[in-house]
Amino acid sequence: MTTTPSKNTWLRRQQCPCGDWKCYIAYEGETEETLPASDHAAVKDGRASSEAMIAPYVGMVFKDDEEAFEYYAKFARKNGFSMRKERSRLSQQLGVYRRDFVCCRSGFHERRKKPKGEHPRDRKSIRCGCDAKMYLMKEVVDGVSQWFVVQFSNVHNHELLEDDQVRLLPAYRKMSEADHERILLLCKAGIPINRIVKMLELEKGLQGGQLSVLEKDVRNFIHNRKKVIQEKDALLAEKREMDSRELLEACQAMKDADENFVYKFNMDSDDKVENIAWSYADSVLSYSRFGDVVYFETGYRSITYCMIFAAWFGIDNNGRTILFGCALLQDETPRSFAWALQTFVQFMKGKYPQTILTDLDPGLRDAIRLELPNTKHVTSIWNIQPNLSGWFYHPLGPSYVEFRSQFEALYHMESAEEFEYKWNQMVAQFGLGSDRHIALLFSLRGSWALSYIRGYFLARMATGAFIKSVYTFLKGIFSAQTCLRSFFEQVSHAVSLQSQAYPEIQYNPTKTSVPIEQQAQNILTPFAFNAFQHELVLAMQYATSEMAHGSCIVQHFKNMDEERLVTWFPEGQQVHCSCKEFESSGILCRHALRVLIIKNCFQLPETFFLRRWQHVHYDGQSMENNREGWFEEFHRLASALLTESLVTKERSDYVHRELTKELTRLLNEVRNMPACNGVAMDLTPPQSD
């Protein structure tokens with residue numbers, strides 16, 4: 001069964017988690033339209049200053065006619081008019097060799113003759129014979145085509161418009177795909193058109209009448225789109241089902257090629273495909289090693305099929321983002337999310353994650369509570385911050401900057417009691433007592449505020465760098481408008497290239513003479529060691545005060561007010577710090593390291609090096625099993641041994657004597673091993689770039 005691929009566009013979901021269907025999320029920083037009003041002004045002012053345009057002139061050169069059109073269009077808008085394409089000329093040798101661009105009021109309107117009995121509409125024309133124009137000719141210079149301005153005039157016989165007026169010309173009244181989606185959603189809910197316009201203004205933080213489109217544009221769009229929807233609804237449903245069936249065929253073909261590939265789907269009451277999920281053999285294997293923390297991303301949906309794309313991500317011992325699996329869901333209800341979570345656990349052979357990170361979606365929260373009752377549920381602050389300006393900039397205005405600063409301070413509060421006290425103060429100060437978004441954040445404080453989640457194991461995934469890497473991966477697979485089968489192939493290709501998508505992390509050179517630094521370098525991967533080293537270097541800036549029962553108060557030398565309580569149990573080889581960084585990331589914190597150093601701990605117990613961050617993982621097999629990793633490991637150990645042996649003559653003699661005996665023994669054992677066990681290992685040294 002084959003079909004013509006249909007275009008399928010993916011957009012960020014914009015329904016607000018507060019539960020009010022009229023509320024709309026504008027993701028800050030993604031597009032100019034999502035910025036608050038002050039940011040719009042800054043953007044426009046910046047462009048005005050940085051893009052001071054030169055008026056076209058005879059002899060001006062463009063690489064093609066499209067570049068010339070865009071340039072003249074920008075020039076026209078800045079000068080208070082709009083332009084249009086007038087005519088072009090064609091030759092067999094050059095193709096299109098002349099383009100005429102003119103003011104939209106150029107020429108005069110010609111009355112069209114109507115059949116008898118029809119009365120022509122008495123509509124005024126805007127054309128008034130304006131002579132403003134830019135004519136171009138194409139020439140081939142040294143085999144390269146170029147377009148030259150051969151005539152230019154900026155003389156108009158009509159009034160030019162100010163900036164707040166020129167934006168209302170038909171040529172500049174444009175709506176984005178996100179606006180289309182939002183307008184249709186509000187229309188389906190029965191909101192009158194004038195109220196839709198008002199809501200769009202409020203959501204974009206604009207004053208009345210400042211929207212880039214008019215009310216009649218919204219009305220015309222709804223009228224035209226309703227016709228299209230009514231005509232194509234049945235066709236689209238059929239097309240979606242055919243695409244879904246083709247996706248299932250692609251999954252089965254993948255299963256036939258790789259028996260460890262897994263997929264699952266379910267059908268609705270009409271016997272049509274409802275939800276589909278799949279995972280790859282390497283993904284299942286990676287989960288068995290690094291599935292302690294999972295990030296569940298559900299932020300994109302197809303505007304063609306209204307399907308939610310869900311994906312599970314993790315992080316490996318080298319700090320690389322890995323895809324564990326993905327799904328296409330019918331909707332964003334708790335039922336669909338519950339099906340996805342059930343299926344994911346089945347794919348992963350019944351292993352549940354310790355912690356799952358998500359956004360604030362209430363339907364997803366209910367599903368996790370039901371399907372993963374023993375898994376810690378966390379919402380990263382990086383999933384909350386992009387919503388803050390859309391929620392609070394408009395009601396707070398100039399006070400928003402101070403509110404944002406206080407919110408950040410609240411996030412880092414030490415105790416839950418202090419958090420709640422300061423939160424109430426902030427709400428009262430900014431008059432947000434009745435704000436539904438403040439109520440939402442406070443009700444979910446147990447999943448995002450550090451005073452509540454400190455100590456949850458997050459494997460360094462609740463960071464901006466990790467979230468950015470996830471969105472970089474997603475933007476790569478959403479870059480093309482494709483049918484579901486092609487989309488599946490894009491995801492598969494991206495997964496196969498995952499390990500190549502990240503530059504190899506190198507070990508930082510040692511920065512201290514503390515023996516535990518060298519020990520950590522020998523055990524941890526570069527990603528984990530560099531994080532450990534960062535904490536170790538900072539540990540030197542802290543003072544300690546001994547207390548009873550082996551406890552210490554640790555304070556930074558510049559800020560003695562902030563203190564951490566570190567408890568050291570030498571018998572049980574355990575150390576606990578009140579910051580709980582080790583419990584959260586698996587990397588010892590600077591406070592604990594400071595105490596271990598003053599306690600003359602020159603070698604750390606292995607319990608302080610989590611296996612998920614080590615070279616050798618749970619089953620004792622090297623995670624760096626490629627030849628580059630093998631040689632890197634050998635070279636690093638040999639280099640460390642050589643460095644240590646050169647310190648004294650006694651060391652050098654000992655290493656020479658013992659190493660000769662040990663290498664001879666190993667060589668004899670290897671020679672006695674079978675020459676081939678069916679798996680060849682390439683021992684050619686890796687080529688250096």
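Modeller: Here is a short chat about a sheet, a helix pair and one arginine.

Modeller: Bear in mind it's a predicted model, where local features need pLDDT of at least 70, side-chain atom pairs count only at pLDDT 80 or more, and totals for chains, interfaces and linings use all residues. Numbering runs from 1 along each chain as its sequence is written, and side-chain values use heavy atoms, with hydrogens and water left out.

Biologist: What's the strand order in the open sheet?

Modeller: β2-β6-β5-β4-β3, five strands with antiparallel pairing; strands are DSSP runs (E, at least two residues), helices H or I runs of at least four, numbered from the N terminus, and pairing takes at least two DSSP bridges.

Biologist: Which ones are the edge strands?

Modeller: β2 (61-62) and β3 (83-91), each pairing on one side only. β3 runs antiparallel to β4 (residues 95-103) over eight bridges, and arginine 89 has arginine 98 of β4 as its bridge partner.

Biologist: Switching topic: at what angle do α10 and α13 pack?

Modeller: About 155°, with axes 10 Å apart, for α10 (residues 381-396) and α13 (residues 436-443); axes are lines fitted to C-alpha atoms over the stretch in contact, and angles run from 0 to 180 degrees between N-to-C directions. So they're roughly antiparallel, a label for angles over 145 degrees.

Biologist: And arginine 173, buried or exposed?

Modeller: Buried, at 16% relative accessible area (buried is under 20%, exposed over 50%, partly exposed in between, with a 1.4 Å probe, protein chains only). Arginine 173 sits in the loop between α3 (163-166) and α4 (177-188).

Technical notes:
Angles under 35 degrees count as roughly parallel, over 145 as roughly antiparallel, 65 to 115 as roughly perpendicular and the rest as oblique.
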